[in-house]
Amino acid sequence: MLRFLTDRILQGALVLFALYTITFFLAKAMPGEPFTSEKNISAETKANIRKLYGLDKPIWEQYITYPKNIITKGSFGISTSKGRPVIDIIAQSFPNSLILGLCALAFAIGIGVPIGVLSAVRKNSWIDWACMAVAMVGICIPSFTIGPLLQIYVAAHIPGLKVAGWGNLEDILLPSFTLGLVSAAYLARLTRGGILEVLSQDFVRTAHAKGVSPSKVIIKHTLRGGLLPAVAYLGPAFAALISGSFIVETIFQVPGMGQHFVNAATTRDEFLLLGLSLFFGFLIVVMNLLADLLTGLLDPRVRHTRKTD
Amino acid sequence: MSLLKIKNLKTYFHTRAGTNRAVDDISFSINKGEIVGVVGESGSGKSVTCHTMLGLLPQPPAKVEGGSVTFDGEELINLPHSLLRQIRGKRISMIFQDPMSCLNPYLKILDQVTEPILIHENVSRNKAETRAIEMMKKVGIRDAESRAHSYPHEFSGGMRQRVMIAMALVTKPDLLLADEPTTALDVTVQARILKILSDLKDDLGIAVLFVTHDLGVVADIADRVVVMYRGKIVEQGKTRDIFEKPSHPYVKGLLACRPTLETQYQILPTVEDFLQTQVEKDGSIMLSECPDANKRLAELKSETKYNNPSGDTSNVLLQVKKLTVHFQTGGNFLGKPPKIVKAVDGVDLQIQSGQTLGLVGESGCGKTTLGRAILKLQNTKSGSILYDGNELSNLSQADMLHFRKRMQIIFQDPYASLNPRQTIEQTLVEPMLVHRIGSNHSERKDRIVSLLEEVGLGAEFLLRYPHEFSGGQRQRISVARALAVEPEFIVCDECVSAMDVSIQAQVLNLLRELQQKRNLTYLFISHDLSVVKFMSDDMMVMKNGEVMENGKAEDVYKNPQSEYTRELLEAIPKATLSGENSSF
Amino acid sequence: MDDASRNGILIMGNSGEPKGLDPHIVSGVLESNIIRSLFEGLVEAHPSKDGVAMPGVAEKWYPVDSKRPDEWIFELRKDARWSDGKPLTADDFLFSFRRLLNPALASDYSFMLYYIKDAEFYHKSQRTYLLFRKDANFTEDWWATLKNVDFGPEEKAEENSFNFIGLDKLSLSNLKNLLEDPSLFKWPKNISPSVRRSLIMKNLNFEKKERGELKKDELKDLWELIDFGATAPDKHTLKIKLNSPIPFLPEITKHYTWYPVPKHVVLKHGNIGERFTKWTKPENIVGNGAFVLKSWRFNDHIEVSRNNQYWDRDNVGINGIRFLPIGNLYTEDRMYFDGQMHVTYSIASELIEYSRKKYPQHVRSELYLGTYFIRTNVNNKPFTDPRVRLAFSYALNQKSLIENVLKGGQKPASGLVPPFGNYPASDTVTFNPKLARKLLADAGYPGGKGLPDIEFLTTDKESSKVTAEALQAMWKKHLGATIKIKQMEWTSYITAMFEKDYDLAAGGWIGDYMDPLTFLDMWMKGVGNNRTGWHNEEFENILGMAAQTGEATKRYELLAQAEALFLKERPILPVYWYTRNYLLHPDVKGWNPLLLDNHPYKYLRLQPDLENRKD
Amino acid sequence: MKMTDPSKKTPQGSSLWKDARARMAKNRFAMGGLWVIVVMFSLCFIFAWFCTDPNQVNLTNKFAPSSAEHWFGTDALGRDLFARILYGGQVSILVGLIATAVSVAIGIVYGAISGYAGGKTDAIMMRIVDTLLAIPFLVLVIVLQATLSDWSGDVTQWIVGNFKWDKEFTGRLTNVVPLFFALGLLGWLTLSRIVRAQVMSIKEREFVEAAVALGYSKSRILFRHIIPNVLGPTVVYSTLTVPGFIMYEAILSFLGLGVESPNSSWGVLIKEGANFLETEVQLLLLPGLFFSLTLFSLNFLGDGLRDALDVKAAKD
C-alpha cells in the first residue's frame, strides 16, 4: 500500500511539472500583455510594470524563478489583474467553490443514482425510458440556459429565495442544482450500466433464492458493485465541480474560483493562471487517487494478485 | 406421502428466434429424506425445472405454460411473490454450480450466511451468527470463527461450495435443490462435498433434488434417478435399475460413451451409435434405437490402440528440464505483504513425436501454467525448453514467430477462445496470412473448407459468427484454427472439461483421428483422470507445481506409486453400485 | 433591500471586483466609484450642475492672473482631518503628487498630472534632458539637435537593447560600457560624437556622484533635478504652476488621481515608490472622504460607513454604501427586479424596453460624456483614401441602429466631441447614402466593385456582436461592401488594435474631464490611444495655439476649428454619443443626471416613500 | 466417419450485421431516433437552400411574430429565425458529428494502447491524460485563435482560387475547421479512460491469448481483435459527448474561433436567445427544441446500436 501511494505521489509530481511547463509557455504564447487596457499606457509605465513583476527577465529565468518561489517562499506570485497574492485569491475563493461543488455533487448523486438504479431495475419499461429522458434533459440544456430559467421562474416567485448572491444557506440551492445537473445525467447513465452489469451476475440469483426481498437485493447486494463505474467517473468530475464554473458563478453571483480561471486568461494574468492550473492539477491528481482508493474499498477483490493457475 | 409432486410441467422460452420448449410436460416426485438425481445434458431442461419451482426465471422470456408443482400440499406455480419468498430459503433452499460467482464478492462470508436466518426468523443478530458459524463447522470449514470474517475471493472453490451449503441449510429447509453443485470442482473435493451432503441429509432428514450431467456422481449419491433429454423425461426409476438395465437408447448411449478407467476402446462409442432422432412436422422429436447398436459396440472394442508402442526414445520432440514459474500475488490493499507462489517448481518432461503425454492434477497444481510456459505465453523464472533441439526459453518475440507456427494450443472455454466479431472464415484465414500459408486467396479458401470438413463442420458455416454455434462446434473451430498453421505439437488445455459427455466423446475421437492422420504430438491437460487415461500414452500427475508420478498410462492406473495418485483414483465416482467391474 | 433603505445603506451594483483602492494605482470606472466615497479632492462635483466645482478640501481657489491662468492658488480648509483624526495639510498633497509621479510606482494614470510644471520630466525620468537643461555651455545649435529627441525606452527596439531600456534609464555599469563603445546605443544621426560623449559623461557623473547609499544598479531618483510646479507656501495653501494656461484646472482636480493620500499611513507600510503595500487593507486604510471602509469580502461586497472626522459630516445624507461586484448584466437586472439593490451599474440592451414597460419610473437614461465610434486603419487599403472613409461614415444609419438595436436612448453623433457647456458641437456627420455612394464611386469603387474584403474587429460581448452585424448589413446594402466580422476576446482585441491589425475596429472614448481637449488631444502623432495611424500637421498646430490661449471662448473656437478639420479627414466614424442606462429606485433622493456620472454621495437621501412601493 | 452434431440444431445462418439490423428494427426508440435524424439532416442540408437568406437584416421588422413569410418569426435584427436555425443546424450537426468522430477515434486508439500495454506505459499515458485535463481550456483557445484565425482566411483564398468554389460557402466551412482542432484536442480525454477500462477486461479473455499463440503481432491483436470488441460501450458514451461539443462551439464562436458572424449555429442561437427569456422566449425555445430533438434521437440511436452490436457470446 505504501509503495502504491509513493508511486502515485511521484506520478502526481510529474503531472504537475508537465502541467506547469505547458501552461507557462501557452500563457506566454497569448497575444497581449498583463497591463493591456482600454486607455493606453506610456512606454515608461510599461517598462516600470514589467520590471516590477520581473517580466523583463529572459524567459528561461522567469520559467525557473516561479517554481523556485513556490518551493522556497511558498509564494505563487502576485496577480497582475487583482493586485493581491495569488494564494490569497485562491484561499478566499476556493472554499466557496468547494461548498458549491459538494452540494452539486450531492444533487448529482441524489438525483443521478436513484434514477440510474430505477431505470436499471425496470429495464425497457416506460419508467426506464422516462428516467433516461430526464437524464438527457440534464445533458441537453446548457447551464447558461438553466440558470436564468431557474432565476426567473423559481427564485423570483419564492420569497425566501434570492435571484443571486451568496451568504446565507438558501443561496447555495439554485447554483449547485444547475452545476450538478449535468453530472447527475452522466451518473444516471453510468449507474444504470453498472447495475445492469451486476444484475446479470449469478450471486444476485443466489440472493433471490435465499428469499431476499427485491428491494433489499438491490440495496444490499447490487448497489455496491453497481456503483463502481460511477465512482471511476466521479474522480475527475468532482475535481471539475469544486474548481468552480465560470457560467454558474457569474449567473448566480457566487464568489468562487471558476471565474478567476477565465479572468486570469483574458487579463493575461500569468501568475494567477499558473497558480490556478497547478491547484486544479493537484485536485485532479488527488481526486483520481481517492477514486481508486474508494474503488479498492468498495470492491475487496481489487488486489494486485496475478492470476494463479 | 411425497414431499414434492410435479405434474405435466411445461416451461417455454419465447425469444425472438421462436419458442424454445425448455421443459415439455414432465412429471416426477420426491419423498421426504430421499435424494433424487436428475441427469441430462446441457439444454435438457434439468436446471430450468429447479428454477421454475422457485420462480427464479425472468418472466418476459420464460413462461410456465401448464402443469403443477405442489410442495407439502401447497401449489407453487402461481403463488404470489410475497408468499413464494417465504418458502425460498426457508422451506426450499437452492445451491448453484459455479462457486466462484455465486457468492457476493463485496460482503463478508458471515453476513451472507446469516442473511437467510435474519430474513425468515426474528432472531437476534449474534444468535444468528453463532448458528451460522456452527453450521459452517458442520459442513467442514476449519476454524470457522476467524475465517467467517474474510471475503469470498479468499476462499478456494471447494470451501466456497461448503459456504453455499451452509447458507442453504442454516434455516433447516425440507428440500434442497442442488443444481450441478460439484461440476466445477476437482474430483477429490467433489467426493468430500458429496459425503457432506449425504451426511447432512441423514441427520437433518432433508430431501435433495440433485441435478447433474455426470452419471458417476448420480450413481454414488442418488436413491432414484430421472433422465431428461430435450425437455422430456426419457426414463426414471431406481438407480440400480437405470444403471444395470437401461431401457431407453439415449440412456444406453450416455452410459457407453463415458470413458472409464477400464475402457480399452480406441474410439469411444457416441450417443449417435445408439439413438436416432427424427424431427416431426410439428417440431416434436421422435427417438428410436439404432438397429445395429450392439454390432457397432463389438466392432469398436476390437480395434487396437493406434500409437506404436513407445519404447524407442529416438525422436524426442519436446524436452523440458527443471522448468520453474513463480507468481507474485500482491499483498492486499491495506498492507498485507505480497507472497511468492511457486506455480511450476523444477518440472522435467519429454514427449516423443506422435505420442500424447497426459498431464493430470487438481486445480491449482500448475498444469495449465506449465502448458502456457512451454508455449512462452507465460514467462518462466528458470529451466530450459528444448523443442526439436532448439532452446526456446531465451528467444525474442520475432525469433519465436517461426516456432509459433509449429506449436499450437486449444483452450478450455469454447465461448471465450474465439473472437466474437470475426466470421469463421476470417478466424481461419488470418493465421494463414500471418504465416504466409497458401499462395492466393482461392487456394487458402479451399484449405479452409477442407479444414472444416476435417473437423466435422460443413462449408456453409464460413460466414457465420461464433455466437451462432454450440459449445462443441466452437471447439471444433478452435481445433481447425490450430490446424490452419499445420503445427506438429498441440497443447490441449482442458479442452473437453466444459462439455457434455456426449460431445466430449466426439471431440476426443476427433483429436485421436487427427493425431493419427497428421502424426501430431499432444500435451493433454485435464483434471479428469479417466479422460486423460483414455487419450494418453504416458501420464504425469502433478500437485503444487511438482511431478508426483510419471509413467505409462496403464502402469499409473494399475499400480500407482505415489499415495496422492491412489487418493485421486479412489475419489473417482464408480459407474457401478457394487464396486465390481461394469459390463462395458 | 427594504431594511437597507430604513437604516440608510445605499446598495449599488458596481460591475466587478476592484483591482485595489489606492487612488494612485487603479484606473477603472468601477474603482473610481468606491474611491470617491473614501477620498475627497481639492474640489468636489456639484450634485446637479455639470462643470461646476464645489468646495472640497480647498475652501477657495483662484488663478494668480485671471487673464493667463497658468498658476493657481488653493486655500485649504484649516479643520481638514484624515479619518484617523490626524490633520490634513498641503504637505499631504505634495507627497501625493510626488508619489503618483514616482516611476517605481508605475501608475497607469500619471499623465493626468503632466499639466503641472516639470511633472512629465520626473515621471518619465528624462535624466539626460534635465542634466543639460541648466548647463550653460550647451551651445544654441546643440539645443536645436536635442530639442525633440526622446531618450526614454523605445518599445520598437530589440528586446533588452540599450535603446529598449532608454539612455535615461541606463544603470551605472551600462553607462560605463557605453562610454567605451558609444555605438552600443543607436544615436539619432544629427547628434555629433562630441555631443554624444558629453551626454554620456553627464549621466555617468550624475550616477557616480549620487551613488552614496543606493544599491549597485538602483536608478537615482531625479526629484532634486526638477523644480516641481506644485509648492506649499504654508501649511494650508497650495500653489500650482502649470506648463500652460488651463482655465478648467478645477475640473481636472475632480479626477481621483489628484486626490490626497495620508502621507503618515502610506510611509508606515512602505516607502514612497512601493506598489504592493498593505496601507489599503481594511484594517489600515485612512481617507478624507465622507465614508470609511467598513468591510471588504473578496468578490462578494465592499461596504463603507459614515466618516465622523469628515468636515461636512453633518449634511452627509446616508449612513453607508454597499458595492456589489456583479459582472453579469442580466443577473444584475434580475437582482434589481428581485428587490436586492437601489441602483444598477447598467441595463442589458435586451431588457431596456422590458424595464420601461414594467418599471417606468425606475429606468434612467442620461447623457454621458463619451462617443462610440469606429476606428479606420488609414494605412490599409481602401481606407487610405479619405473619400472612402467619408463614404463609410455617410452610409451609417445612426438613428435606425439606435432605435432598433441599442434601444438605450443614445444620441446620433453628429460630431466627435459630445455637446456640453457652451462648446459649439459639430453637425457635419449625417446619414446620406446617396452622397456615400457618389464618394465611393469617385474614390474608384463604383457600387462597391473592387473593394477588398474588410475586416471589422469587435469584442466578444453579445451586444457588440449584434451592433457589428447591423453595421455590416448597412454597409452591404448601401455600399455593396463585404465585411468580415472578427470577434475577439478582450485583451486580444485591444492588442490587435494597438498593432493596427485591422481595417475597421469598434471603439469609443469616455472624457476624463469636462473639456473638449480630452477628445481631441488623443489624435496627435505617437499618442498611444490614436491607433488609426492618422496624424495631421495643421491639426496639431491649431491644438498647440489653443493650448496657449487663456481666454475660454477664443480657445473653444480654435478647438472647434480643429474638430472640423478632423471630421473632414474622418479617420474615425462617429456613431453615437453614449447614454448611461441604469435602474434607480425611487427611494433614492438627490441623485441627478451628471455627464461624468460622478454623483457625489453626500447629497443623497434614502426616504422609503411607501405609496409607490414596488408591487 | 462424419460426425455431425445432431443434438444441437444450428440456428439459421444470419451474419452479425443482418442480425444486428434485425434487432435494431425491433427497437422502436432506435428506429424513431433514426427517422428524426434523417428528417433533421434533410431539413438542414437540403431544404435550407430553398429558404430565404438567413443573414438578410431588416431592422424595422425585428421580433416579428411567426407569419406566412417568416414561419418562426424574426430575431433581434429582423432576420428569418427558421432559416437561421436550419443554416445553424448545418454547422452544429457537422461540429457535433465530426468532433465526436475525431475524439472517439483518438480516444479509442489511445485508450486501447494504454489498456493493452499496461504497466509503465499505461501509467505514463494516463498521467498525460491527467495533465491535459488540467490545462486551462480558454488559454488554449486564445492561442489557437491567434495562430489559426488568419489561416482560415488564406485557405479560403486558396480554395476559391484553385477550385472556383462559391466564396461564401467555403468561407463558412474553413472557419469552422480550426474549431475542430480545439474540440478534438481535448475532447477525447475522458473517452480514453473508459476505453482503457474496457480493454483491460478484454485482454484477459482467452481469444487474445490464442491470438498471441498464433503469433499475431501486437498491433494486429490490438486493432483487429481488441478494438472491435470495445465499440459497443464507446458508441453510447460518444452520443453523450455530442451535446457538450455543440455547446462548446457556441462559447468558442464568441471568442472568434468558431462560426464567423453573421452566420450562426444552434449553440450561438441558444446563447443569444438565453438573454431574451423575459421578453422573446421563442428565440430560445425554438433552436433549443431542434437541438434537444436531435440529441434525444442520437442518444436512442446510440443505445439501439450498442444493444444490436454488442452481441454477448451466446451461452445456452
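These legends go with a few views of a predicted model.

**View 1. Chain B as a whole.** Let's start with the overall picture: chain B is built with 22 helices and 22 strands. Its C-alpha trace spans about 70 × 65 × 50 Å along the principal axes. A compact globule of 584 residues would have a radius of gyration near 25 Å, and chain B agrees, with 25 Å. Buried residues account for 46% of the 584 residues in chain B. Take the contacts in chain B between residues at least 6 apart in sequence: 69% of them join residues at least 24 apart.

**View 2. B:Met286 and its surroundings.** Now zoom in on strand 12 (residues 285-289) of chain B, where B:Met286 sits. Is B:Met286 buried or exposed? B:Met286 counts as exposed, because it has 9 C-beta neighbours inside 10 Å. Setting aside neighbours within four places in sequence, B:Met286 touches B:Gln278 and B:Glu280. Look for B:Gln276 too: it is 10 residues away along the chain, and its C-alpha atom is 8.2 Å from that of B:Met286.

**View 3. The two sides of helix 20 in chain C.** Over in chain C, helix 20 (residues 537-548) has 12 residues, which should span 16 Å at 1.5 Å a residue; the end C-alpha atoms are 17 Å apart, which agrees. Which residues of this helix are buried? They are C:Phe539, C:Ile542 and C:Ala546. Seen down the helix axis, these buried residues fall within an arc of 65°, so they line one face of helix 20. An α-helix has 3.6 residues a turn, so residues three or four places apart point the same way. On the other side of helix 20, C:Glu537, C:Asn541 and C:Gln548 are exposed.

**View 4. What covers the buried face.** Helix 21 (552-569) of chain C is included in what covers the buried residues of helix 20 of chain C.

Notes
Residues numbered from 1 in each chain as written. Chains lettered and ligands numbered in written order. Predicted model: local features only at pLDDT ≥ 70, side-chain atom pairs only at ≥ 80, totals over all residues. Helix = DSSP H or I, 4+ residues; strand = E, 2+ residues; numbered from the N terminus. Expected span 1.5 Å × (residues − 1). Buried ≥ 20, exposed ≤ 12 C-beta atoms within 10 Å, placed from the backbone. Arc of directions from axis to C-beta. Contact = placed C-beta atoms within 7 Å. Rg over C-alpha atoms; globule rule 2.2 N^0.38 Å.
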